[in-house]
Amino acid sequence: MAAVPADAGPAAEGEEQAPLLGAGGDDDSRNGDVVETQQHYRSRWRSIRVMYLTMFFSSVGFSIVIMSIWPYLQKIDLTADASFLGWIIASYSLGQMIASPLFGLWSNHRPRREPLVVSITISVAANCLYAYVHLPSSHNKYYMLVARSLVGFGAGNVAVVRSYIAGATSLTERTSAMANTSACQATGFILGPVFQTCFSLIGEKGVTWEIIHLQVNMYTAPVLMAAFLGIINIILIFAIFREHQVDDMGRQCKSINFEEATPLTMDMYSWTRKEAVFYNGIILGAIGIESVIVFMVVQVVSKKTGERAVLFGGLVIILVGFFILLPWGKQLPNIQWEDVKNNTLPRIIFSEMLTPLWKFQTQLSSNYTVEPTGCSIVQPWCLYTPVIHLAQYITSDILIGLGYPVCNVMSYTLYSKILGPKPQGVYMGWLTASGSGARILGPVFVSQIYTRWGPRWAFSLICGITVFSLFLLEVTYKRLIEFSVRYGMMQE
């Protein structure tokens, strides 16, 4: 039976096409003793590509609504404010943080198809729930909170995906395979906002399917599409996915198992809900394209400088991006209620000081038929914090869009190489959970700071966290080496 080198890239598969970024190792890394059958090789890479697709669909499911959550929340529940938006954004990561180690542990002892199918089914059901959150007569914001939490819980399968890819690739294949995974994730982030932008043309009213009380509009169409993609994903897992595992050298082994951008731009640039969804979708999609290019380049750079140096450089770029985002100058943002007479505005503010912010917003909104735009007067910092110019915002997005994918792929790649050939499901689950924990605390904490003290304090906090991360990386730099290198199995 024909055999191929286990660390050869998918381009060597004959009629099989190469994966997105290529997974082949260097020519001098090919060992004639490390072989696998052509059938096994093809099956292994087909399964890996299904995992790429799973990551892509999961990413689309997250980003396809991220730009519209805030305007939709304002539309369905007038009691919701920017602080509650922080809880909704964080709920996704909370669900993911809880689920990641559970699905990781499950995948270490049972066929990975089980946690994958269960998690995707949960996401499909949660997206359908999101499409109906406008129906209840009250507490709509809590239904949205539950729906996003369950979507996040389903997204806990990211740990299963990454652990499978880590276990199904040799050491020389792994950087490329992990980069492919992150590239698929970034592609999902690109197309999600693009789909959302296209769906915004439907408008807020849309059409209603009376029989099942389903309203299809610019807010619900994206989640219905995400649910449909989830169903396709389940079919592909049953039809194509198979369990495979190889060691660091590529020998076949027996398998054990087998954010927040929207309120900022609405405050700073006086965008309406529809404009915020549309323009932010375009910006996020463009940054996603940038991220895919970065994933292509980072493989070449990491081979020359090593993963640690690239990770350090990515963090520095992120730090510069958030520093640029700090408000400078003397120009103030437009105030939402600037058409109120100067002698009336102070009386409104001070007479309502003891009124909860959401009630204050509801009272003001009831007096206007046109959607208010600009920085809300219920946020005191709007009256003295300089505006963040659009050029600042876009420049910052470009830099963060450059630094984040670098840090993402390098951290996962380095982590998997440090762990070595052992089953990585639980460990990948904890890594994913730690990232989810940051995304839980981040939106809640930052949204509270943003609402009360404004973007200057919020982004200064992020700059401080990034500096601390650079310090930790510097301290542990020499210890972050591959398992095989540490124990003398391979040379660095």
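Me: Which hand does the crossing of H6 and H7 have?
Reply: The crossing of H6 and H7 is right-handed. Keep in mind that this is a predicted model.

Me: What angle do the axes of H6 and H7 cross at, and within what distance do they come?
Reply: They cross at roughly 155° and come within 9 Å. H6 covers residues 158-167, and H7 runs over 171-199.

Me: Which residues meet across H6 and H7?
Reply: From H6 you have Val 161, Arg 162, Ile 165 and Ala 166. On the H7 side they meet Arg 174, Ala 177, Met 178, Thr 181, Ser 182 and Gln 185.

Me: Let me pick Thr 181 out of those. Buried or exposed?
Reply: Thr 181 is buried, with a relative accessible area of 0%.

Me: And what does Thr 181 touch?
Reply: Leaving out residues up to four places away in sequence, Thr 181 touches Tyr 52, Met 55, Val 161, Arg 162 and Ile 165. Val 161, Arg 162 and Ile 165 are among the H6 residues that meet H7.

Me: OK, other partner. How does H7 pack with H8?
Reply: H7 and H8 (residues 221-239) pack at an angle of about 135°, with their axes 9 Å apart. That makes H7 oblique to H8. The crossing of H7 and H8 is right-handed.

Me: Which residues make that contact?
Reply: Phe 195, Gln 196 and Phe 199 do it for H7, and Ala 221, Pro 222 and Met 225 for H8.

Me: Zooming out, how many helices and strands are in the chain?
Reply: The chain has 17 helices and four strands.

Me: What share of the residues is buried?
Reply: Buried residues are 55% of the 492 in the chain. The chain exposes about 21,800 Å², and 67% of that comes from carbon and sulfur atoms.

Me: Now H14. How many residues, and what does it reach end to end?
Reply: H14 (residues 390-419) has 30 residues and reaches 43 Å from its first C-alpha to its last. That is close to the 44 Å expected at 1.5 Å a residue.

Me: What does the backbone do just after H14?
Reply: Gly 420 sits there and takes a positive phi of about 85°.

Me: What about phi of Ser 270?
Reply: Ser 270 has a phi near 60°, again positive in a residue other than glycine. Ser 270 is found in the loop between H9 (261-269) and H10 (273-305). At 17% relative accessibility, Ser 270 counts as buried.

Me: Staying with loops, where does Ile 335 lie?
Reply: Ile 335 lies in the loop between H11 (307-324) and H12 (345-351).

Me: Why does Ile 335 count as buried?
Reply: Because its relative accessible area is 15%, and the cut-off for buried is under 20%.

Me: What is Ile 335 in contact with?
Reply: Setting aside neighbours within four places in sequence, Ile 335 is in contact with Thr 373, Cys 375, Ile 377, Cys 382 and Leu 383. Leu 383 is 48 residues apart from Ile 335 along the chain, yet their C-alpha atoms are separated by 7.8 Å.

Me: Back to helices. What does Thr 466 touch?
Reply: Thr 466 touches Leu 315, Ile 318 and Leu 319, not counting residues up to four places away in sequence. Thr 466 belongs to H16 (residues 455-476), and at 7% relative accessibility Thr 466 counts as buried.

Me: Last one, Ala 82. Where is it found, and what does it touch?
Reply: Ala 82 is found in H3 (residues 82-109). With residues up to four places away in sequence not counted, Ala 82 touches Trp 70, Ser 447 and Thr 451. The C-alpha atoms of Ala 82 and Trp 70 are separated by 8.0 Å. Ala 82 counts as buried at 13% relative accessibility.

How values were computed
Residues numbered from 1 in each chain as written. Predicted model: local features only at pLDDT ≥ 70, side-chain atom pairs only at ≥ 80, totals over all residues. Heavy atoms only, no water. Helix = DSSP H or I, 4+ residues; strand = E, 2+ residues; numbered from the N terminus. Buried < 20%, exposed > 50% of the residue type's maximum accessible area, 1.4 Å probe, protein only. Areas by Shrake-Rupley, 256 points an atom, 1.4 Å probe, with all protein chains shown as cover. Contact = heavy atoms within 4.5 Å. Expected span 1.5 Å × (residues − 1). Axes fitted to C-alpha atoms, helices over the stretch in contact; angles between N-to-C directions. Left-handed = near helix turned anticlockwise from the far one by under 90°. Parallel < 35°, antiparallel > 145°, perpendicular 65-115°, else oblique.
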